[in-house]
Amino acid sequence: MSRLIGEPLPRVDAPLKVTGRATYAAEHRLPDLAHAVIISAAVGKGRILEIDSRRALGEPGVLAVISHLNTARLPYRPHKGWIDPTVGERLHVLQDDFVRHWGQPVAVVVAETLEQAEHASHLVGIRYEAEAPSFTVPDGESIEPQGGYPANYSRGDADQALATAEHRVDCTYLIPRENHNPIEPHATIAQWDGQRLTVWDKTQFPTNVAEELAAVFGLERANVHLICPFVGGAFGTSLRTWPHTTLAALAARHVGRPVKLVLTRKQMYFGTGYRPETWQRVRLGAHSTGELTALKHEGIAETSRYEHYIEGLLNAPRFMYSCPHVTTSYRLVPQDVHTPTYMRAPGAASGMFALECAMDELAHELRIDPVELRLRNEPKIDESRNVPFSSRSLVQCLRTGAERIRWHRRRAEPGALREGHWLVGLGVASATYHTLRNTASARVRLRPDGTAVIETAAADMGPGTYTSLTQIACDELGLPPEKVQVVIGDSNLPRVPPHGGSQTLSSVGSAVLAACLAARSARQERAHSGAIAGSEIVATETSQPGDATKRYSMHAFGAVFAEVMVDVDLGIVRLAHMVGVYAAGRIVNPRLAHSQAIGGMVGGVGMALLEETHIDRRDGRITNANLAEYLVPTNADIPVFDAVFLDEHDPHVNPLGVKGIGELSYVGVAAAIANAVFNATGKRIRDLPITLEKLL
Amino acid sequence: MDSATTSQVQLTVNGKPVTLELDTRTSLLDMLREHLGLTGTKKGCNQGACGACTVLVNNRSVNACLTLAAMCQGASVTTIEGISENGRLHPLQEAFIRHDAMQCGYCTPGQIMSGIACIQAGETYSAHAVREFMSGNLCRCGAYQNIVAAVLEVAEQAGGRR
């Protein structure tokens, strides 16, 4: 049988998705289900003085109005999932009268029907003592983040090298807050059976939901069961278990019935994380021949007052290019907001926007082609760690992309290319994302009828976990896809890392590979021993990374090329074309990988041209908490993109040789577009998104 | 409003007659999802901004979240569950699989219903026309170019048969 890894197998769950039979979190049917609606705080900071539930409780069908006034104190045992900030403590919901941010849940209305619960939620009278919340990024009092990414890094003496550099650029970049906005809202159905709790909850991290709820309610971990077979997009927002999941369980316990709670689109801006607003200053020093002599990159990001969310904002600048003198410094400014969280390509998307725009500014200053400038600064090793890269194909990505977009058309002088009313510009940016792998387990059942079941607590928010795990199992077990069933999205299955950070295939894929190998040898043993066939063979294996990460620097690389058209009079930016070239190790399924890559590029277009969460700084209200005013790319915004994967073999990253592409394909897009806009117009837009008023 | 009132709604859903006693505040979307168990039609924003709830009412595409069930008295409603015939997928469903015009799958039913409306409306004379017509259906995973390819392919096949 031919091998399936590397083949464009159609998405195995596509028939369920195109017929509407894939069931998402809010779609599990239970008898006697009640509906819960959250009431969100209408002040940005302060205290609750009064909650008057009388009118709401007088409405037909209303079962309860739950607030800190009438609910028990919850145990809230200490619990930190892999994805929770190291410093700080999660929001304890309905436990006191404090309001820490606009939109914080302050009460929950439960009723027989959704209509009754929604209507009654407007009848609850809440009086607050409001204080003025503060929003001071980037100038406010900052702190040095602890617990992960270094606050300060340096090699050589960047200040001295900058002072003596032949050429310098010094630029400041602003990226606003962005919200994930998956099309499926967060939703939870909770059902109690004595001390046992079952939840159908939207999540990228099934086991963590069970662990967090066990901690919050003081339950045995084994008594909490999470089920989530399908995730309607997430991009990071469903990694943590947020307060609404607790509220659904609390409401179900309060009314003694199963309860469904779905966040409104508006509420998704108030409690399920976001990419933090950042301020970055990049200073580069270089010889006139283009070699970097100094790099100083500072970043400041917002976080909440109760948790320090940190991300790898300044990781890439330390190894991306060869440079003897490098300093990075990373600070957080706590504000009266809810805690930010990982959003597709966390840290890298923001940090690389600044670095790659600065490289373009340097290229212009030096009159060196931007592709050539990057080639001249290609490092031989990871200079931040003095270890080799496990593989690095950035040069090939840049060369391939330049060819495919016909880079030779580009003029160094901005505004030189014009088609009628449109100025045409070409821009480039490099991309990178680190290759993660963590301990994961999987179970394989070989059934007597010749079929196999793969079980693991992974998730599939869209990249195609079901399909790629099927392909791996088929190859190892010698079975066709119709004889392999992948079961994921269940906290009772073998434990895996969160479905984020582009690590699912590297971690879970490796575990499935190991479990299949074990099952196969058990099958062979049984055949040799002449034991009676007929019973199921079960093999569970755990796969963990070795010490290769100590010896190698592991990252995926890519190059993004954008061609934009800018209306001469109106400043409208249209994408004419975009090419993404990626070197991400082995590509298990080119069809799905292509979808994921063009999807990342579309996300990057949003970051570049459209997305911005507006906060009214007087009270903390988010003024565009909806999909009509928070703009995301629509079909009409997106032409046909070209995503290319280079052949890259990396024996060090993991047994499958995969690096992940979900995050990588998002990185660099905003910079490539910003650089193309400069090439078209001569205007440097250093604060995203690049809207037309900034170009007029 | 102090208390809800109900009304009887009679309509046809996917060819089957349905009679329901509904809260007058119930949207067509919540009627489908919560009362009929037809969860293939998705709730994305409940504000008419994302298109995930697109269904056909009397053969025209509408946002089910902005349509009250009580407005559909006597109407014929078609959802994603009603476009396959005898277990055979609709050509656009097949094309969506072929072109991998989805990732997470949550916007997919709405995209397919809008795609059917797009083809019926004849707005398929160019990729640009399809992109414009389909721009009421957001896909946050970014499958747009594959969605356009699927709609154009089915439109061409349909045109060829005429």
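Helices and strands here are DSSP runs, numbered from the N terminus. With that numbering, Asp32(A) sits in the loop between α1 and β1 of chain A. The model is predicted.

**Chain B against chain A**

- The contact involves 54 residues of chain B and 60 residues of chain A.
- About 4,500 Å² is buried between the two chains, and carbon and sulfur atoms give 54% of that area.
- Gln103(B), Arg140(B) and Gln145(B) supply 19% of what chain B buries against chain A, more than any other three residues.
- Five salt bridges are found across this interface.
- One pairs Glu27(A) with Lys42(B), whose closest N and O atoms are 2.9 Å apart.
- On the chain B side, α1 (28-35), α2, α3, α4 (127-133) and α5 (144-161) each supply at least two residues.
- The element giving the most to that side is α5(B), with five residues.
- By class, the side of chain B that touches chain A has 23 nonpolar, 17 polar and 14 charged residues.

**Aromatic pairs**

- Over all chains, the structure holds 12 aromatic pairs.
- Tyr24(A) and Tyr106(B) form an edge-to-face pair, with 5.0 Å from centre to centre and 90 degrees between the planes.
- This pair joins two chains, because Tyr24(A) lies in the loop between α1 (14-19) and β1 (34-40) of chain A, while Tyr106(B) lies in the loop between α2 (91-98) and α3 (108-120) of chain B.

**Domains of chain B**

- Chain B divides into domain 1 (6-82) and domain 2 (91-161).
- Their centres, taken over C-alpha atoms, are 22 Å apart.
- Domain 1 of chain B brings 17 residues to the contact and domain 2 of chain B brings 13 residues.
- The two domains of chain B bury about 1,100 Å² between them, with 59% from carbon and sulfur atoms.
- Lys42(B), Thr54(B) and Ile80(B) supply 40% of the area that domain 1 of chain B buries against domain 2 of chain B, more than any other three residues.
- Lys42(B) also takes part in the salt bridge with Glu27(A).
- Between domain 1 and domain 2 of chain B there are zero salt bridges, but five residue pairs are in polar contact (both at pLDDT 80 or more).
- Strand β3 (residues 54-57) of chain B gives the most to the domain 1 side of this contact, with three residues.
- That side has six nonpolar, eight polar and three charged residues.

**Domains of chain A**

- Chain A divides into domain 1 (28-131 + 183-233 + 238-269), domain 2 (152-178 + 274-435 + 550-695) and domain 3 (438-544).
- The C-alpha centres of domain 1 and domain 3 of chain A lie 35 Å apart.
- Contact is made between 20 residues of domain 1 of chain A and 19 residues of domain 3 of chain A.
- Domain 1 and domain 3 of chain A bury about 1,500 Å² between them, 53% of it on carbon and sulfur atoms.
- The count between these two domains is one salt bridge.
- Glu211(A) and Arg495(A) meet through their side chains in a salt bridge, at 2.5 Å from N to O.
- Nine residue pairs are in polar contact between domain 1 and domain 3 of chain A (both at pLDDT 80 or more).
- On the domain 1 side, the elements giving two or more residues are α5 (206-217) and β11 (224-227) of chain A.
- That side has 13 nonpolar, five polar and two charged residues.

**Backbone geometry in chain A**

- Most residues other than glycine have a negative phi, and most peptide bonds are trans.
- Asp32(A) is not a glycine, yet has a positive phi of about 65 degrees.
- Asn386(A) is not a glycine either, and has a positive phi of about 55 degrees.
- Asn386(A) lies in the loop between α8 (370-376) and α9 (394-404) of chain A.
- From Val137(A) to Pro138(A) the peptide bond is cis, with omega near 5 degrees.
- Pro138(A) is placed in the loop between β6 (125-130) and β7 (152-155) of chain A.
- Leu688(A) and Pro689(A) are joined by a cis peptide bond, with omega about -10 degrees.
- Pro689(A) is in the loop between α14 (669-681) and α15 (692-695) of chain A.

Note on methods. Residues numbered from 1 in each chain as written. Chains lettered and ligands numbered in written order. Predicted model: local features only at pLDDT ≥ 70, side-chain atom pairs only at ≥ 80, totals over all residues. Heavy atoms only, no water. Domains from an automatic or database assignment. Contact = heavy atoms within 4.5 Å. Buried area = accessible area lost by both parts, 1.4 Å probe. Salt bridge = Lys/Arg side-chain N within 4 Å of Asp/Glu carboxyl O. Polar contact = N/O pair within 3.5 Å; in protein donor to acceptor, adjacent residues only side chain to side chain. Helix = DSSP H or I, 4+ residues; strand = E, 2+ residues; numbered from the N terminus. Nonpolar A, V, L, I, M, F, W, Y, C, P; charged D, E, K, R; others polar. Phe/Tyr/Trp six-rings, centres within 6.5 Å; stacked < 30°, edge-to-face > 60°.
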